[in-house]
Amino acid sequence: MATMATCSISTPSLPRRSQRRISQVSVRTKQSQRRFLLNTGNLEARNSEGLLEKSRIGVSFFPSFLKKKGKSREDVKEELFKAIEPLDRGAEATPEDQERIDQIASELEAINTIKEPLKSDLLNGKWELIYTTSRSILQPQRPKFLRPNGKIYQAINADTLRAQNMETWPYFNQVTANLMPLNSKRVAVQFDTFKILGLIPIKAPARASGELEITYLDEEIRISRGDKGNLFILKMVDRAYKVPL
């Protein structure tokens, strides 16, 4: 039966007035109960019979146990791109893949430096959708040859408050929308015109609306989250592109 050992960390080699208790942790072991005392150079263990055992350890043990090397912004972005690459924009993602992508995206969101993206010139232009959890975009229930197989773009112009979504092969569908800022990074989206096959205009119904929050932005990548919980990750491809009025 496994027993519970209690570990105490202290500095017995210092004068009594300098001693302090650092932490106490519990570990489960299949052997006899032991009590561990850690000072700057010695590990002392008392077994269940009360006998004292000592072993020498390095002075740097405690700092190396705690420290964790941080990742740079570029490291996190590279990790994100590699995780996304085999997932067909998310259509082939398992729940585990989705959880991993969301976690990496959250790391980037936590170090976002553009706090008011709707006021940033970095927002403007045409972005390629490289990952999403939106089933209405991916159509994962269809056979692969009937899904949108070409690139999918979203363009935004913050100065005119216009947006445009564009599919390429095989459907070439498009839709334009008006944006209404709700705060410095969240907008209400009201779609106005669909273009079937990129040619046939159809007025969008009033219910064709939603909200979008821009949670990360830099010169290369944009992360957004929709009001239905969907995640969108896009990569800049044409900063000069203008959405039709």
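## Two packed helices

Helix α2 (residues 73-84) packs against helix α3 (residues 95-110) at an angle of about 160°, and their axes lie 10 Å apart. Axes here are lines fitted to C-alpha atoms, for helices over the stretch in contact, and angles run from 0 to 180 degrees between N-to-C directions. α2 and α3 are therefore roughly antiparallel to each other. Angles under 35 degrees count as roughly parallel, over 145 as roughly antiparallel, 65 to 115 as roughly perpendicular and the rest as oblique.

From α2, the contact draws on Arg73, Val76, Lys77, Glu79, Leu80, Ala83 and Ile84. From α3 come Arg100, Ile101, Ile104, Ala105, Glu107 and Leu108. Contact means heavy atoms within 4.5 Å. These residues divide into eight nonpolar, no polar and five charged. Ala, Val, Leu, Ile, Met, Phe, Trp, Tyr, Cys and Pro count as nonpolar, Asp, Glu, Lys and Arg as charged, and the others, Gly among them, as polar.

## About the model

This is a predicted model, in which local features need pLDDT of at least 70 and side-chain atom pairs count only at pLDDT 80 or more, while totals for chains, interfaces and linings use all residues. Residues are numbered from 1 along each chain as its sequence is written, and side-chain values use heavy atoms, with hydrogens and water left out. Helices (H or I, at least four residues) and strands (E, at least two) are DSSP runs, numbered from the N terminus.

Strand β7 (residues 152-157) and strand β8 (residues 162-167) run antiparallel, joined by six bridges. Strands pair if DSSP finds at least two bridges between them. Asn157 has Arg162 of β8 as its bridge partner. β7 and β8 form a hairpin with four residues between them. Leu161, in the turn, has a positive phi of about 55°.

β8 also pairs with strand β9 (residues 174-181), in the antiparallel sense, over five bridges. The hairpin of β8 and β9 has six residues between the strands. Phe172 in this hairpin takes a positive phi near 60°. Pro170 lies in the loop between β8 and β9. The peptide bond from Trp169 to Pro170 is cis, with omega near 0°.

Strand β10 (residues 186-196) and strand β12 (residues 209-217) run antiparallel, with five bridges joining them. Arg186 stands opposite Glu213 in β12.

β12 pairs with strand β13 (residues 221-226), again in the antiparallel sense, over five bridges. Leu217 has Arg222 of β13 as its bridge partner. A hairpin of three residues joins β12 to β13.

## Positive phi in two loops

Most residues other than glycine have a negative phi, and most peptide bonds are trans. Asp88 is not a glycine, yet has a positive phi of about 50°. Asp88 sits in the loop between α2 and α3. Its relative accessibility is 28%, so Asp88 counts as partly exposed. Buried means under 20% relative accessible area, exposed over 50%, partly exposed in between (1.4 Å probe, protein chains only).

Gln139 is found in the loop between α4 (135-138) and β7. Its phi is positive, near 50°. Gln139 counts as buried, at 16% relative accessibility.

## Lys203 in strand β11

Lys203 belongs to strand β11 (residues 200-203). With a relative accessible area of 71%, Lys203 is exposed. Phe191 is twelve residues from Lys203 along the chain, and their C-alpha atoms are separated by 8.8 Å.
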